[in-house]
Structures are given as structure tokens and as C-alpha cells.
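Please open the model in a viewer and keep the selection panel at hand. The stops below proceed from one selection to the next.

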Amino acid sequence: MSSTLGHPAAAPDGWDAYGDDQQPRVGFFTDTSVCIGCKACEVACKEWNLIPEDGLSWTGESYDNTSALGANTWRHVAFIEQEKPLHTNGDGSTGLRWLMESDVCKHCTHAACLDVCPTGSLIRTEFGTVIVQQDICNGCGYCVPACPFGVLDKRHIAKPPELPAFHGNEDGRVWKCTLCYDRLKGGHEPACAKACPTQSIQFGPLDELRERADARLAKLSGEGWNGVQLYGRDPDDGVGGFGAFFLLLDDPEVYGLPPDPIVTTKHLGEMWSSMAAAATVLVAGVACAFIGRRR
Amino acid sequence: MALRTLIASWPAVRQLREGDAFARGPAAQSPRTRDLTPRIDHADRVVESVCPYCAVGCGQLVYVKDGAVDHIEGDPASPISRGRLCPKGQASKSLVESPLRETKVKYRRPYGTRWEELDLDTAMEMIADRIIETRAASWDYETETGAPANRTMAIGNLGGATLDNEENYLIKKLTVALGIVQVENQARI
Amino acid sequence: MSSYYGRPVIKEPTWTWQIPTYFFTGGLGGASSVLSLSATLFGNEQLARRALYIGALADAACPPLLIADLGRPERFHHMLRVVKPTSPMNMGSWVLLASGGASSTAAALERLGRLRPLRHTAATVAALFGPALATYTGVLIADTAVPVWHEGRKELPWLFGATAAASAGAAACMAVDPEHAGPARRLAIGAVAADIALMRAMELRLGEVGEVYRKGAAGTLGLAAKALAGAGATVLAKRGGRSRGAAVLGGALVCAGGLCLRWSVFKAGFQSARDPKYTVGPQRARVEREGTKVTTQPKA
Amino acid sequence: MPSLGASFGRGGATDFQQDLQNSDCIVIMGSNMAENHPVGFQWVMEARERGATVIHIDPRFTRTSAMASKWVGIRAGSDIAFLGGVVNYILQNDLWFEEYVKHYTNAPVIIADTFADTEDLDGLFSGWDPEKGKYDTTTWRYEGMEMHASAGNREEGFGPSGHQAGHGGAGGGLRHGEPPSEDPDLQHPRCVFQILKRHYQRYTPELVADLCGCSVEEFLFVCEALTQNSGRERTSAFCYAVGWTQHTVGVQYIRTAAIIQQLLGNMGRPGGGIVALRGHASIQGSTDIPTLYDILPGYLSMPHTEYYGDFESFMQANTSPTGFWGHFKAYWVSLMKSYFGEHATADNDWLFKQLPRIDDDNSVYFTVDQMLEGNVKGYIIAGENPAVGNSNGRANRLGLAKLDWLVVRDLVEIESASFWYDSPEIETGELETKAIPTEVFFLPAAAHTEKDGSFTNTQRLLQWHRQAVEPRDDCRSDLWFYFHLGRRIREKLADSKEPRDELVRYLRWDYPTHGQLDEPSAEAILAEINGSETATGAPLDAYTKLRDDGSTACGCWIYCGVFKDGVNQAARRKPHWEQDYVAAEWAWAWPANRRTIYNRASADPNGDPWSERKKLVWWDGTKWTGHDVPDFEPTKAPDYRPGKDATAEDAIAGDHPFIMQADGRSWLFVPQGLVDAPLPTHYEPHESPFDNPLYAQRANPRRQQRKKASYDPYNPVADEPGAEVYPYVVTTYRLTEHHTAGGMTRTIPYLSELQPEMFCEVSPELAAEAGLEAGGWATIFTARSAIEARVLVTNRIPPVTVQGRTTHQVGLPYHWGARGLTTGDSANDLGHLALDPNVHIMESKAMTCGIRPGRRPRGKALTEFVTELREQAHSRREMAPRHEPEETRKTSKT
């Protein structure tokens, strides 16, 4: 039944419906092996999308004072200090490494946020990406726990910051990476990818990116990089593959990513049927209550 | 009639009509979303610039709208930066449009306890007078040992590494003529 | 098990107190409509009428609760922009619209004593959607990435259905003279039994993830739910048939139990979302079992 | 930096950033390039992807180390020992590039027998005068090089010292391009090559490991990587920044790298050279067109109070008979013409008599002294924040509080403008607002988007930025401020008969203005900088056109050509995809739009490329040609030999690529121009926990100190009693997310949230030893001050074991101050004012400190805390003075 619920193929749900307006599916390939952790992506994103500042709290967690993706953070650079060699081929590289990874919305092929959104605020765009329509979102918050990556969140502005990037009454709605939908429509690449000094964030047609990633994986494996792996590149994974996937140098959970994410609606079919059964039994149960001794 | 168009525009209807059965695509698209365009496409003009932070010298494009800087991003044409910017360069727009920027002259009188307002012209006049007076009062034609000096040691000028070459040129030219030798910049730090 | 500075992988829901309360009222309303129609069919006039009122009131309480929880309440009607089978919340909105609309119509006509046929049609419609309203909330929360909810997807609709039935029965016991309340009483007692059994079964099947039901607020509320409902059911069973007072007390206890159970499930979700081990643990285990989905070997 | 100039002839990065992609090995040292020059770092990554070995040598494992093939952790302040070890490795194993070294460097030159090495004098060079605390650098000269006729600064070389010397202008004394005595076989015991060999012979891998705190293997890895990636087919590059310059021997740090690059033949070649990474948008420009006390545009020496009283001897002293400094007079006269127009004539010696004179040191920290003495009355600050950015912040702020008047120009109200009500000294009670006499004018400045102008970036590239919007309200460009200030002063002094006002009245100050604000035309000023024929006003296209008869005017001779054909060459923006990787048509680089300087050295003595792989420019039989503008006279054949009486560039042979140098060669050994050493030698930092294992002379004897200044006390060092109060090494640095003193970043929410608090980096070992709690607070203190910071415990700053003793290092970013969205204590408050003697730069990259858990005392208690510890330490030192004070100490060589 789940397929009839709209996860028929490897194609992003809702994308085909665009017919002639459909554009090639685009995404990000984030290659952490060249990420210098400069956070240009975080700032570029905020400058372009006019996202509010997110609090000035120092964490002491390496150089990461952003901590997680959220309503006001659509790119988040994770920092992991490890006592592990960068390479396993004993090239004399130091027994110390500093992993950096710019996290972002995965723009899943099968996107739970998109599926569960009751208003149609979350949609699949003609580019195969997933966006929240801010003029539609009514802040029901369903997509927030639905996302297996914890990407979306509701924006609460306690006090409007005295500093820029806060325009009008934006609180109460849910926000996330749009893959710079407006820029795409104008033929510009997303702000983060454009800013990235070392091309750790690569933007392009997904097929192309996957080929590039495969070549990259081959090269780095050859060079004996420790723990190198592609995360979200496989269209057969639990979310049908990511539109924005990653080259990691350790297990996903080390970066705060789920090791085997599954789109929640994958099991929606069985949920509906078990509900139907339960509902029926409810009726039966009530009826039973009347059968037997009568007063 | 209006009702019909209203109903026709209802996504629940469109999702059937437009073959978007689960309303995850075009059917649920709002007019605003459909007509969205990037704001840089509406800039009044795009101005070539250079990042003001470090000395890498990244190319910048400044997008101007209604007399204000609307957005700044990297200039892809630059052979040095190839359109890329670091977090600081990327924040240049916040730098130049920051509400924290001072736009009025502030004046603190000797032993004063607060800033006062002062109009720019008066300030310039006062500064010119201060320089002339201090210079006159402290001028050395010679050193103690009788060597030529032609200078004042009572005035100094600091800064330059964040300024333009043309500005540094005027500073050095003017201070040489004024006999101000204590002219320095960040090259020492 | 490694994590990123112990930070959660997924986000906790943003929902506040209105939502578990709605789970209760929605359940109560849905089940009451069924109880009312059955009573009509079995000729239990008083039970039919009172249950109808209860259902209508409970249904009426739902929309305000849901709207109050929205970040943008003025946009509540966007819930009806689309018809989206992939979204339990969207489906629920339509169900609530139908069931709630019908039950309140029926109740109004009942009160006015007019248009009997329409009243009966409305009541029937309410009863048709009632069971869905009583159980879909189980699907609603199961259809998230929250481990303890998603893993409990098999039981949750049943559990919520049972709780709904128990509450409906119990509420009716409170409102109806004991001599007419027999079916309601039996419903309440039976449903409570089912409720407690299902709860236990779910906890057991969930394994490690299920431990949140024994921890913190969820644990306390869970115990309270069982105790209250159990006690209520016992009172109803022993004296509910004879004493109106006992019926009211027992009914109240069962309803309170039902409310606590929703809160327990609600809280458990937050607790399991907060700790990355509940997200990563099972997934890592699945990877060990079924193999990894990350690509470690370059294509030949 | 004078070090690059003294070695090669010009004080600029020798290469351009994009060319790093052609390197086979890149050594980043004294720089955290990935963090502080992230976009430039893309070219290092390109090289890495092409298989280059990237090495980062630094006390901290930084974001640069994370990207490197190899990180070598060393003790802050031990770089010369490490690099000297590399020199020794190259020489001992005969891995130097023989043909390059013999033809292109001064290795064969024989040095006068007056020279004695630190090896002979236990850490001092010949000519040391303990009384004056200076060297007689004439003892380091080339053998047979005649002494200069004119009276002058004989002590520190008869040529100019400091910046002009630092730009090759120190060649005085050579009659024609060839040094009097050489040994082409490099065998003569007093030839530079042999001196070099002896000088570094004790810099063995074991010594390096023991002194720097790295392992022998790590050191050898670097040596092998460098030597295996240099030669005809391969090139290696060095990248450095203020991690090298901010030392009491900073200039010599860079010199050591220069020696390595000469021995390996990496200068002037693709993917080679030394890339100086500057920290401010136009810090290179503000040295080329200096806002510095000791030079005029184009590195021409400022006249000195003591030396060369009259024009002729000044000309003689600064004109190198050979090399391009042979045209000093043309550069000078052209500058005076652009300054004073028709008023500057041959008859009045181009107004030489009226020019202001400088002393040996009128640098910024000298001015701080003078402020505290009460001798400075007025100060103008434009786009700098000394209250936070300068070393020993307290001294700087107390100085500001003694001024009569102060002008501060900036985008926001910086600490240097607000010191009178919110400086730390107000908190401690040392200053009281009501008692501060300083009259403060804060003038809001215009941002880069609000004015036209050019920045000179780190690779000598002048890039034009255009005005996008009008500045608001009172905001004005500094061009506007200084122009209209000058205009007003000139109007007020127009009728003055005072001799002192002569130059003001003579000043050429007639720039066209435009717009409602009367903004002066930046392009008109760039045109003046470029220069023109005084008669016709026709723009000049090259500095070779400059004349010494007043027929040309030029505001900065090295920038001549930037307005070629009346076109703003700096504004050229031909996309990189429409040209080759050199991108010669993007903006304009000094000199003469050359991107890789000394590129004649990319060809062998006969003018053929050393290899196909590394070809850049070459001799095609009739002229020099190639991918870059040849840094050589276009038609001077490789076999050209100067005649006996040849002067200026004619005295430079066809196989000598370093045309600014008097002998056309790069200098392994610097006979003059630097005041502290002809060869780099390891000295301990002014403050360090260790003695110098090589010599009795612990630190640079020539370093500038303020021994008597109460406001600049020093920590006891090495095994001096009291040193244990400040047992750890402390080094300051920058973060990607902020910029220098923070005025341009602490005010931006998007950057502040990324690094929201002042913190210190310490190792788990130090945290345990000092009882510091991760995420908690620590108080870091020196004899000057104490600051507080959050504690970041990390393995990225491991302890080092030196001379059998393990020590810890503390890392401190220096971006914070009292103002902005994120505030915190300023690391520079801990700093001292002991300086490098050549360039007067403080040593903030290697000092000593103490550290304790918890926040610092507040108010008066802070002063008491610092004083108590200092007096404790100092009294211990006085009670048990070292039997051999540094100046007189001598130890037997180990």
C-alpha cells in the first residue's frame, strides 16, 4: 500500500507532476575532505535568506557555536576533534585529525516533512527540491518531528533582535533550507555553494554530482583516507537517497547524522490499516457492550 | 464566475486536475511561490568592488537597490577568488549596512563625561585649528644637538592598512608638509 | 555509542499542552458518537441522547485546542487547502470537520427536538467518522521520526482507540442513570482492560526504546494512567451499577486515566527524541542486521 | 618586509596566490592560512589535489593543519632553529641547487675578515657595542668593498637601513655590479657559502628536535619533502604571516626561509617563492605608499636628523651605484615634483632642506612612550584600533588619556574612541573620566562601498573598488577628510611668513572634486601616483621613464604604470576564464605588472627554462619572453657582462636576476641593511621559559626594550628565579570568524554568533596541571596585566618537551574588547613592547604567562592581583640575580 501512498520510484515525490515545467533535479554534494570549517556557508546563507541571528552562546564544543540545524540555521558546520590518523596508509600523517562538515537539509527523494505537511505549505519544486512556502505555513509543527535529520524547526523570536535580517512578523512558522529556490529560478547557484572557498559544497544536477562523488570516493579510497564514505548517495536507502548528500570521513552518527534514516511515511500504509482495524474493533466493542443483559 | 475561479484555484481541486494526486507539487504551489524571483535580479545597479577585510583581495559584486547596498557576493570573474568569499567577506553587506555604524560626528570636550553633538563643518574647522596651534607651539627647526629637524613631535597619525592607496598617499603627503613624522599604521602589528 | 556532543539527532516536537488534551477530547468525542448511535439502535434513549451531547461537546472542544497550538492560528483554514492521504493531520482535519460538524448538528437538533430524520442522519455521519477520529491520532504521532512513537505504530491506534472507548464509556456512566448506563459501564471496563494490556504489550515490544515509558514524566504519567483507569474500572464494576455517586467517581477516574495515558505517550515522545541513543541505537542495530546504506566501496 | 627586500631586492610577496597551485610542496609556517586567508587557501588545496605535499608547522593544530598532509607541532618562538636545521640538512647532504646558487646568489662572495660569526662569539656577531647596544655592521661587508665617503650612520651601515634597505636599497659601496672578490668554487673559508655552512653546522636534527619540541622524524620529513620537491623539475613554496613577523627576531625568521629558497633554487619560479600573507586589505599598499614614519612612497628613505645633512650626501648615501636603486635621484626628484610641483627646483635642492627629519625610531610604540611622557598633544587615528590591537593595551590607553586632542575615524565607535569612559583602566580606577583632559572628535568614516579607491593586496596587486552608494549623514571617506583638512589648513596658513609653513604653502593640493560632498577624485590621485611629464602632463608608463631633472613627476615610482595611457589599470577586470592562469589583465601588480618577481631566475643562466614543467620566462635569442612580464631588461642577453664603469642596471650581468640588488644576486648573507644580523641565528624570544642551548646570548641582543619603563615590565625568563610565576608559553592568533581587533566583526551578528566569546586554548595536560575546567573560566596573566577567557580544552595545542623539560602553551585569540555585540578581554593587554629592531614590531607570538582557574579580579583588585604577582616574581629575581646577566654572559660551546 505504501507505494500508492506515493513512493513509487526513485523519482522525488511530486516532481513528475510539473510536466513541462519540470527542471533537472539539482542538489548539493558536500565533500568534507576539503572542508576548512570557515563557515562561509553559514554566513552566505544568512545574508542571502535574511535569517535572524541565533544567539551568542559559546559552547566549548571545538569551534562549533552553532550546534545544530534549525529554523535560524540552514547550514551548520560540525567540528569533531579526533585522535585518529587522517590516512590509514601510514604516510606519517599525525595521529590527530579535525573533521569538519557543513550540514544542510537533505532534500530527500522521499521527504517525510513534505508528506506529513497538512497544508501543502511544504512542496517539491520543479528542481526536485523541498521548500516551505512561508505564505502558507501555519506553524502546525508536524514536519518538525517528522524529519529524520532534525532539520526543520519552528522559528520563535523572543524579542525582535535590534540587528538586521529580521523582517516583519516571521515567528511561529517553520523554516529550513530552500536550496535558494529564488536564486535557482533566476539561474544563480545557491549562496552557500557559491561562497565555499574550497568547493567542499558543490552544487549541480544530481546525476552529475553522484558521478563526481563516485570518482572522489575512488580517489580518496586509493589514497587510504580513514573512514571515507558516501552518505545519502544511495537511491535505495531509507529516504530514496538525498538531494544533498555527503562524503564523510567517519560514521554518520559521529557528525550527529542518523546512520540509517527512514522516511516515516514508509510505514504509513500499515499504520492506516492498523487504524482501520482498530476503528472497526472499536465499533464492534461498543456494539458488544449492548449485547447481553439488557436493562 | 469569481466563485468558479476561486474553486478552480483551490489546491484540493487542482491536485485532481493537475495530476498531482498527493498535492506535493504544483497543485499546492502558492502564487507567491510561483512568481518568486531572486532580489539581485532587481538591483538598480551592480558595482565592482574588493573585499575590505584581509589582503587576499577577493572580488566582490555590490548590488544596489534604492540607494542602499542590498546584497554583496563574490565576483566570479576574479582570478584570485573565483567568486568565493570567506565568512567575513560574505558578511560585508552587514558591515556596511550595520545599524551599529555611526553616522554623526560625536564630540567629547576635555574632562567631559558624555558625547555631544557637533556638526561636521565645525569639527573640521576645530581639528584644523588644533593642528595649527599644536604645531606652532611644538615646532622644532632643530634637534637639541642642532641637527635640522623641521618637524613637530607633538602630533601623530595612525592607520592606513585598511585605507585606500590614494588615501594613504594624501596622508603621507600632507603630514610631510606639516612636519608630522610620527605617521604609522598596522604594518607594525 | 558515538554521538555529536550528545546532541539530539532529531528535533523534539513543538507541540504544547493543547495537543495531548485534543487527543483525549477527540477520542472521547469520536467514541461517544459511536456509543450514541449504538444506543439509539439498541433503543437506549437516555444513553443515546446524553452520549450524543458528550460527543458534541468533546468535538466542539477540539478545533480551539488545535488552533491555539498553531504558530499562525489565523491560518487554521490552510488545513483544508489540500486532501493529503500522506498526512494524518490533514486527514484528521477532514475527519474532525465531518464528525464534529455532524455531531454538533445532531446535538443541536436533538436539543431543539426538530427535524428528526436529519438529526438521525447527522448522528449516523458522526458515528461513521467517530471511530476514525478516535484512532487516527495514534497514526498521527506514529508517523514521525520520534523513535518511541514510530516504533509503536502497530499499537498506537489500538491504544488510542481503547482509551477513547474507555473515556466515552466512563463519561457516559457519569451522565446517565446507572440503570441505563449498563452498556457504557461494560464498555468502559472492557476498554480499560484492553488499554492496560495494550500499553504493556507496546512497552515490551519496544524493547530499549520503550524504556522511556518507565522514565521521567512519561513513566509517572504512565503509572498514574494505569492506576486511575484501573481504580475507576473497579469502582464502576463493583458499585457503578447501583450508586450514581460511584458511577460518577469511577467514570471520572477512568477519564482522568485516559487523559494521563495520552500525556504519558506525549511526554515519552519528547524524551526519546531528546536522547540521540534512541535514534542512533536502533538504526545502528538495523545496519548491523541488514547492512549499511552508506557507500564505502567505490564502484568498479 | 625588509627581510624579503634585503634578500631579494623588494619587500613584497615574490609570487601570486594562484601560482601556489603549481607548487609540489608548500610549507605554511608562521601562518594559519586556512583560517585567516581562506579564499587564498583554495590554491593550496588545488596543489594538494594535484598531489603536492602540504606541510603546516605551528604550535597549534589549526584548521590549516587539518588540511595539511603533515602537521609538525613546535614550540612558539623556535622557528629559526627549525629552519636553520633545514639549511644545515641541505648543506650537509649536498642537496642545494648548484647552478642556481653559484650564479644567482651571493654564495661565492668573500666577506671581509672583520666579520666574526655567532659561532665564534657565542651568540654575538662582530661589531657589537655593549654600551650603545648596537652593531657596527660595516664589519659584515663584502671584502674589498670601499667604505662610503659621506659621514653618516656608519654604525648600522653607511647605506640606508630599515625599509629602503629592506627593499634592496642597501647596495651602496659596490663600484660596479661585481663584488670585488669571489670564489666561484665556493671553497674560500670566508666565502658566504662556507660561512653559511659553519654557521648552521650545529643545527642538527637532534638539536632541532630538542629545541623545538618536535621529533627528529617530523623534522626529517619536512627536510626530505622540501629537498625532494625542489630542483629543475619541481618547486616548493613558503607561506608566512605575522606568526613570523611578530617576534624580536621577526625579520630573521623570514630571512631563514629566504636562505632555504635560495639554496633550493625556488625563487622567481612557478610554484616557488615566498608568499607573505598580509592581514589587512591594503597593508601592502600602506607600506608601498607608506603611512610609516621612516619611508616615503616607493620605499625612499625619509631624511634623518643625524645623518646626511645636505642633499648631496643624502643622495650619495641612498643611491646605490649599481642596480635599479642607481636611479634613486630620479625617483626622489619625481616624488618632490608631485608633492610640491613648480616649487621644487634643482636650485632649492627640490626643497630638501625644508623636509622634516626622523630619528632612528619614531614608530608607533615610540609615540606611545611619548604620549605617556606627555610630549604628544594631538593624535589622529584612521581605521585602526590601538586600544585593542596594539601590544600592551594598557600603555596605549593610558597614553591616549594624556593627549590634548584626539581624532578617531571609523565605521563604529571603537574602543580607541570610547576609552575615556569604558576602558579597563576606568574599571580599575587608574583613570577617571572627569580627570581625562583629552578632547575627542569621533568622525564617522565611509565604507569601501561608499568610495572609489584601490587596495594593494598580498600579492602586490592593485585592485580598484568603485563607489556603490553615497555615504550617509556625516560619513566621509578618508580621502575627503585629509583633502579638506589640508585645504582648510592651507587656507589658514596661506599668508603665513613662518618658514615652517613653507611646505604647506608649496603643497600641490588641487584635486578635482565632485558631487554634493565635494569628494576628491580618487582617480586623479592615482594618476598623480602613477606620474606624468611635468611639461605636458602626459601620463608615464614605466618607472624607467623617470628623470632626475624635474621633467617628470611621480607619486610612487614602483606604482608607475598603473595609469598607463591615462587608463586606470587597477580597474581592469577581464574574467579569468578569458586569460591564462597568470591573469595579467586582471588589475595591475607592481612592479611593471609582474606577477612573479625575479622571474628571470625561472630560466637558467643561458636563458633557457630549467625544465619544460617549470617554464615561466625565457630568452628567445633576441628578447626575454614568456607567460609573465619578464623581471629583467627586455633585451639584455644572458651573456651580457657589465663594463668596468657601468652603473645602475647596466652594471647587472645578464645572468643576475635580482635587478634591485647592487650585485644582481639574491643575498644568502646580508652584508648591510639589517641591524641585527647578516645571518639568521636562533635567539630565544624576549620572554621564554628556556635558555638558548646554542649560545650564551639568550635573546636577540639588538632587540628594542623598555627596561626603565614602569608601564612595560617583563616576566623573569628561563631559569631566572621568579620565572616560575609565568611558566607557560603564550601565543596570540586570529580566527576565521573575526578580523584583527574586531571593530569590523564584533559588530556583525552573523559573525559574532560564530565565535561569541573570548576563549583560551589549553591542552588536557595543562588543564589538569592548572586545575582548569573545560567550559569554565581561566585567568591568564603576565607582568603587564591579567585577562579572563573561557577554557577550551583541546589536544590541538599539545605540550612540548624542550631540553628535557615539558612545557605547556596557551593559545589566545585577540579579537575581543569592551564593545560590540560580543565583548571580552583583549589578549594584547598581556603583551609587552620589546620589539624587532629592524621594523619595530612587538613579540606577541611568543611570550610567557601564568594561568589560573576562575575569572579575573574586578576593579582595583585586578591591579593589585597583577602587581602582587609581578613584585613577587621580580623580588625573587633581584634577591637571587643570575650570576651572569645576559649581556656579559659567556658559556663554553656545547
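Select C:Arg200 first: in this predicted model, the residue is partly exposed, with a relative accessible area of 43%. C:Glu203 is buried, at 5% relative accessible area.

Next, display chain C together with chain A. The contact draws 74 residues from chain C and 95 residues from chain A. About 6,900 Å² is buried between these two chains, with 59% of it on carbon and sulfur atoms. Colour C:Tyr4, C:Lys11 and C:Lys293, which account for 11% of the area that chain C buries against chain A, more than any other three residues.

The interface of chain C and chain A has 5 salt bridges and 35 residue pairs in polar contact. Among the helices of chain C that each supply at least two residues to the side touching chain A are α1 (18-41), α4 (116-142) and α10 (276-290). Which helix gives the most to that side? It is α4(C), with 8 residues. By class, the side of chain C that touches chain A comprises 37 nonpolar, 19 polar and 18 charged residues.

Now select A:Asp31, A:Arg216, A:Lys219, A:Glu223, D:Arg48 and D:Glu49. Salt bridges link these residues of chain A and chain D into a network. Over all chains, the structure holds 104 salt bridges.

Move on to chain D and chain B. Here 169 residues of chain D and 117 residues of chain B take part in the contact. The area buried between them is about 12,400 Å², and carbon and sulfur atoms give 62% of it. On the chain D side, D:Thr291, D:Arg500 and D:Arg573 lose the most area to chain B, together 6% of what that side buries.

Across the interface of chain D and chain B there are 17 salt bridges. One stop is B:Lys173 with D:Glu528, whose side chains meet at 2.6 Å, N to O. The helix α22(D) gives the most to the side of chain D that touches chain B, with 13 residues. That side is made up of 85 nonpolar, 51 polar and 33 charged residues.

D:Arg466 and B:Glu48 form a salt bridge with closest N and O atoms 3.8 Å apart. D:Arg466 lies in the loop between β14 (461-465) and α22 (478-493) of chain D, while B:Glu48 lies in strand β1 (residues 45-50) of chain B. D:Arg466 is partly exposed at 33% relative accessible area, and B:Glu48 is partly exposed at 29%.

For B:Lys106 and D:Glu413, the closest N and O atoms of the salt bridge are 2.5 Å apart. This pair runs from strand β4 (residues 106-108) of chain B to the loop between β11 (405-410) and α20 (415-422) of chain D. Are these residues buried or exposed? B:Lys106 is buried at 15% relative accessible area, and D:Glu413 is buried at 6%.

Finally, show strand β7 (residues 148-158) of chain B beside strand β10 (residues 378-382) of chain D: the strands run parallel and are joined by 4 bridges. Centre on B:Asn157, which stands opposite D:Ile380 in β10(D).

Note on methods:
Residues are numbered from 1 along each chain as its sequence is written. Chains are lettered from A and ligands numbered from 1 in the order in which they are written. This is a predicted model: local features need pLDDT of at least 70, side-chain atom pairs count only at pLDDT 80 or more; totals for chains, interfaces and linings use all residues. Side-chain values use heavy atoms; hydrogens and water are left out. Contact means heavy atoms within 4.5 Å. Buried area is the accessible area (1.4 Å probe) that two parts lose on being put together, summed over both. A salt bridge is a side-chain nitrogen of Lys or Arg within 4 Å of a carboxyl oxygen of Asp or Glu. A polar contact is a pair of N or O atoms within 3.5 Å; within protein, one must be able to donate a hydrogen and the other to accept it, and residues adjacent in sequence count only if both atoms are side-chain atoms. Ala, Val, Leu, Ile, Met, Phe, Trp, Tyr, Cys and Pro count as nonpolar, Asp, Glu, Lys and Arg as charged, and the others, Gly among them, as polar. Buried means under 20% relative accessible area, exposed over 50%, partly exposed in between (1.4 Å probe, protein chains only). Two strands pair if DSSP finds at least two bridges between them.
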